[in-house]
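Welcome to my notebook. Please have a look at the model first, and then we can go through my entries together.

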Amino acid sequence: NFIQFLNALRNVSNTRGSQIESFKEQVKEPGQNYISIKNLLKICDMNYHPEAIKFIKSVIDLRREYETILGKIANEDAISEDDFRQFFYDVSTCVANDADFTQILRALGYK
């Protein structure tokens, strides 16, 4: 189908894929197979997001944007591991610069 075709075209480098997996494991509670949006939003600091640093978007707008998008892919407060991974693969596709991608993850709590 069309979605599978687009997903096949999306190419995530091994480095970014490893970062996404590491971040997923950092934010996932032990023994759970989902990520809590509430917990994720508690640790994020959009002041460090590349678009906030470059004054492209405000911190409030960025936070609202992530809350909205993550809310759409979640089941109540829970984002499945696969949906989490797919979301960040999509983000990776839209961000050409590796440093900016890493900084986006850090703004969301990646260590």
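Where do K24 and E21 lie, and how many residues apart are they? I found both in helix 2, three residues apart, which is about one turn of the helix. (Helices are DSSP runs of H or I with at least four residues, strands are runs of E with at least two, and both are numbered from the N terminus.)

**Ground rules.** I am reading a predicted model, in which local features need pLDDT of at least 70, side-chain atom pairs count only at pLDDT 80 or more, and totals for chains, interfaces and linings use all residues. Residues are numbered from 1 along each chain as its sequence is written, and side-chain values use heavy atoms, with hydrogens and water left out.

**Entry: the pair.** I looked up the contact between K24 and E21 and found a salt bridge of 3.4 Å, N to O. (A salt bridge is a side-chain nitrogen of Lys or Arg within 4 Å of a carboxyl oxygen of Asp or Glu.) K24 counts as buried at 3% relative accessibility, whereas E21 is partly exposed at 26%. (Buried means under 20% relative accessible area, exposed over 50%, and partly exposed in between, with a 1.4 Å probe and protein chains only.)

Entry: Helix 2 covers residues 14–27. Its buried residues are R16, G17, Q19, I20, F23, K24 and V27. Seen down the helix axis, they fall within an arc of 160°, so they line one face of helix 2. (The arc is taken from the directions from the helix axis to the C-beta atoms.) On the other side, I noted N14 and T15 as exposed. The buried residues pack against strand 1 (34–36), helix 3 (37–43), helix 6 (81–94) and helix 7 (98–107), where contact means heavy atoms within 4.5 Å.

**Entry: other salt bridges.** My count came to 13 salt bridges. One of them joins E65 and K57, with the closest N and O atoms 2.7 Å apart. Another links E67 to R63 at 3.2 Å; these two sit in helix 5 (residues 59–73), four residues apart. Salt bridges with shared partners also join E21, K24, E25, K28, E81, D82 and R85 into one network.

**Entry: cysteines.** How many disulfides did I count? The count was zero, taking a disulfide as a pair of cysteine sulfur atoms within 2.5 Å. For C44, the nearest cysteine sulfur is that of C94, 19 Å away. C44 is buried, with a relative accessible area of 10%, while C94 is exposed at 68%.

Key. The expected span of a helix is 1.5 Å times one less than its number of residues.
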